[in-house]
Amino acid sequence: MHEETKGSKILKWILIGVSLLFVVLMLVLPLVTVITEALKSGWQVFWQAVSDEYTVDAILLTLEATGFAVLINTVFGVFAAWAITKFRFKGKKLLTTLIDLPVTVSPVIAGLIFVLTFGRQSPLYPVLQALDIKIIFAVPGIILATVFVTFPFISRELIPVLESQGTDEEEAAALMGAKGTTIFRKITFPHIKWAFLYGVVLCAARAMGEFGAVSVISGHLRGKTNTLPLHVEILFNEFKYVPAFAVSAILVIMAVVILIIRSVVEYKGKKES
Amino acid sequence: MKKRKKTKRVIPYFGLSMGVTISMLSVIVLIPLASLVIYTAQMSWQDIWEAITRSRVMASYRVSFLTALAASAINAVMGVILAWVLVRYKFPFKRILDGMIELPFALPTAVAGIALTSLTADTGIIGGFFSKLGISIAYTPIGITVALVFIGIPFVVRAVQPVLEKLDPVYEEAAGVMGASRVRIFWKIIFPEILPSVLTGFGLAFGRCLGEYGSVVFIAGNKPFETEITPLVIMSELQEYDYASATAIALVMLVASFLVLFLVNLVQARNTKILTGGR
Amino acid sequence: MKNKSVKKILASVLALSVIGVSALAFAGCQKADTSNDSKVKITNVSYDPTRELYESYNKAFAKHWKEKTGQEVEVTQSHGGSGKQALEVANGLEADVVTLALEYDVNAVRDAGLIEDGWVSEFDNDSSPYTSTIVFLVRKGNPKNIKDWDDLVKSGVGVITPNPKTSGGARWNYLAAWAYADKKYNGDESKIEDFVKKLYKNVLVLDSGARGATTSFVENGQGDVLLAWENEAYLSLKDYPNDYEIITPSISILAQPSVAVVDSVVDDRGTRKVATEYLQYLYSDEAQKIAAENYYRPYNKDILKQYSNVFDLDINLVTIKDFGGWDNAQKTHFADGGVFDKIYEGK
């Protein structure tokens with residue numbers, strides 16, 4: 001880094017100040033609100049809401065859906081990033097646009113399309129019914145909707161890194177006769193390690209908090225298809241203001257834990273290298 | 001172009017990776033989205049046109065579009081500043097600040113909406129301050145914008161940050177040594193490098209904001225023609241069991257977000273070409 | 001080279017689709033129901049503020065059913081906005097019974113072909129075992145001196161009510177105001193419309209649901225009066241006994257939540273008997289008392305009288321029949337281009 005002049009120091013602190021102010025106002029205060037509301041009636045009420053059997057069911061379901069979302073999107077993200085950055089083909093722009101599309105589709109619409117595809121109006125419905133397969137208003141639907149809204153998160157993180165890295169190293173390795181898996185493991189993966197970690201964290205965080213799409217598709221069956229955000233919605237609608245915030249606080253804590261894990265892994269990893 | 005294609009295929013697994021990509025894309029994204037098109041196609045053109053151009057729906061497009069635009073513009077500026085601060089400076093609490101960025105994703109949008117509303121209503125901490133100045137935030141378009149800024153901020157920061165990290169400070173230093181002012185360095189050297197990523201972040205945030213529902217309904221006030229957003233109109237059509245109108249309006253929004261993304265990708269591709277042109 | 005990769009693409013597309021479908025199928029099958037002679041499971045799809053009511057009732061019913069048949073019964077509850085819940089049942093959510101906020105929503109399930117015609121007369125009192133009405137919740141001491149609907153159209157009064165287009169329950173609010181104006185102006189349509197229009201001009205926040213409206217009023221301090229269902233107003237009062245008062249207007253509407261057996265589902269699952277008894281038992285003395293304790297007005301007159309310290313029994317209540325039934329009211333008032341749309345379009 002070049003030497004700091006007096007002017008650049010002032011600029012530095014102004015920018016830091018603006019950033020901190022923004023983060024405090026926009027991100028920290030809402031979280032503080034959630035936590036204070038959750039504890040408004042004391043620890044006992046908080047603990048009661050958190051240890052409720054339906055809350056526990058909701059936590060498990062949220063973890064399940066998040067796990068599936070991360071798993072499926074990892075598989076997709078790695079293959080998609082590989083295909084898009086290591087080869088040239090027609091329609092690449094269209095493909096990347098389509099991959100990004102789920103992020104910008106309104107959650108309301110995201111839920112609606114699955115209802116239209118698998119619901120009673122759909123031509124698929126009799127087939128599913130005959131096979132006794134339930135997709136919407138059951139766990140598979142929730143997983144599908146969660147995967148949908150987090151679809152591009154991992155590929156999006158990988159693509160720019162792979163793009164800037166270019167294809168020379170892989171080509172060289174391939175020409176020297178290295179196997180595909182070896183190329184990926186030895187050459188590509190070290191480059192994308194951190195981007196991959198970012199992607200998983202983003203994906204997990206977003207999957208846990210997804211509300212709109214899952215809300216349309218879940219059916220809100222208590223103890224069966226309620227994720228944590230839906231449980232919050234229900235508690236809130238049932239005039240249980242404090243328990244609703246207590247359950248939200250679980251989500252906040254889960255998110256914070258994930259983010260801390262990421263920081264630790266990243267810190268250690270970067271120190272080693 | 002064609003010649004290059006052959007040399008590029010030295011790397012293995014083109015077929016496999018394309019196959020996996022396309023099939024997963026189809027099952028999870030394309031087929032469900034197609035159902036929207038199929039459902040809307042059952043209506044006559046006239047009905048579709050009527051459903052998507054009713055004055056109330058038109059007003060909601062305006063509200064959604066303007067608030068999303070304002071919020072993404074704010075996010076683009078703040079996102080660059082945040083990314084810059086996180087990459088270039090050392091200061092206390094930096095790691096915590098860095099970790100906070102994804103929290104808007106994890107907080108269910110409804111909870112975010114309720115929390116933001118209670119903060120920005122006349123009785124809240126922030127709202128109370130501004131109401132003394134005669135500005136009300138909650139239940140106005142400003143409130144919608146605040147919620148959307150909250151929702152969209154991670155997109156820009158996380159798009160710009162990796163690019164800034166990769167940016168070699170050598171050029172800046174060289175320019176600095178040669179006496180270029182910091183403002184000039186930023187606009188001439190750094191800004192062109194990060195512009196594609198800013199645009200990507202802006203586009204993603206904009207698209208996401210257009211469709212946001214959960215947090216906005218609580219803070220918006222939802223008055224028709226004033227603070228009613230398009231996703232809410234879709235919801236109310238669904239409540240009236242008017243699937244046809246709902247899917248038609250949904251399709252309009254889908255096309256809008258597709259166009260935004262496509263434009264972003266075009267700009268990005270052009271920029272990448274310029275940037276990698278020398279290689 | 002090119003052909004080969006296309007083939008590879010196709011092969012992996014096929015393979016993955018098979019894997020994907022079978023994975024979903026596996027996940028789907030896991031959820032198959034396990035009803036047998038000693039235990040039966042049913043699903044009750046209801047609307048938002050009935051959670052406590054059905055939590056207590058489900059226990060009472062389980063006991064009753066065990067005594068009667070020796071079989072255990074487990075009821076899975078689903079709560080949400082009434083219209084949304086109806087839509088989900090119509091879209092394939094397997095509900096054995098629906099207990100929704102209004103007849104119109106049950107009709108939507110009927111129109112999907114899941115409930116047979118004539119469900120309204122299957123149980124007593126148009127299949128509504130408990131009723132409610134629309135009241136005003138005002139701040140303690142009633143600073144704006146709000147006594148009746150007339151006071152709501154005065155300038156400077158801020159009204160909070162949910163949007164009748166997105167909240168089924170809020171349609172009762174709108175119709176109650178309409179009923180008052182109807183009486184006041186002796187059926188003069190344009191004057192009634194003006195009155196309702198003025199009222200909605202005073203609406204500060206048009207939330208998408210009842211609970212959102214309550215939050216705007218209670219937690220965020222918006223407005224002077226909240227139009228609410230009686231049972232919801234009592235719930236707010238229970239949480240904040242010192243901050244609010246309930247005002248009963250001179251005229252209101254009899255809000256009749258409707259219950260129905262979802263015929264095609266119970267025939268499919270073989271649960272008709274238990275589902276029918278589940279709804280029938282709502283009319284028993286025990287269940288009627290549970291309803292009253294959750295601030296719903298019981299259908300049984302004697303039990304209603306026992307709770308006369310809670311409910312204002314002098315209130316003049318019109319019913320949906322005065323509006324020519326739900327299908328009619330929906331078409332005139334709430335459909336696209338209806339009277340409610342005109343209220344906002346005329347600006």
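**A tour through chains C, B and A**

Start by selecting residues 39-46 of chain C, which form strand β1, and residues 72-78 of chain C, which form strand β2; the two strands pair in the parallel sense over seven bridges. Strands pair if DSSP finds at least two bridges between them. Strands (E, at least two residues) and helices (H or I, at least four) are DSSP runs, numbered from the N terminus.

This is a predicted model: local features need pLDDT of at least 70, side-chain atom pairs count only at pLDDT 80 or more, and totals for chains, interfaces and linings use all residues. Residues are numbered from 1 along each chain as its sequence is written, while chains are lettered from A and ligands numbered from 1 in the order in which they are written.

Stay in chain C and pick C:Val40; opposite this residue, in β2(C), stands C:Val73.

Next, show chains C and B together. Here 34 residues of chain C are in contact with 36 residues of chain B; contact requires C-beta atoms, placed from the backbone, to lie within 7 Å. Select α1(C), which gives nine residues, the largest share of the side of chain C that touches chain B. By class, that side has 12 nonpolar, 13 polar and nine charged residues. Ala, Val, Leu, Ile, Met, Phe, Trp, Tyr, Cys and Pro count as nonpolar, Asp, Glu, Lys and Arg as charged, and the others, Gly among them, as polar.

Now colour chain B by domain: domain 1 covers 1-42 and domain 2 covers 44-276, with bounds from an automatic or database domain assignment. Their C-alpha centres lie 28 Å apart. Five residues of domain 1 of chain B are in contact with seven residues of domain 2 of chain B.

Bring in chain A. Chain B has 83 residues in contact with 82 residues of chain A. Select helix α2 (residues 14-41) of chain B, which gives the most to the side of chain B that touches chain A, with 15 residues. That side divides into 58 nonpolar, 13 polar and 12 charged residues.

The C-alpha trace of chain A spans about 65 × 60 × 30 Å along its principal axes.

Technical notes:
Contact = placed C-beta atoms within 7 Å.
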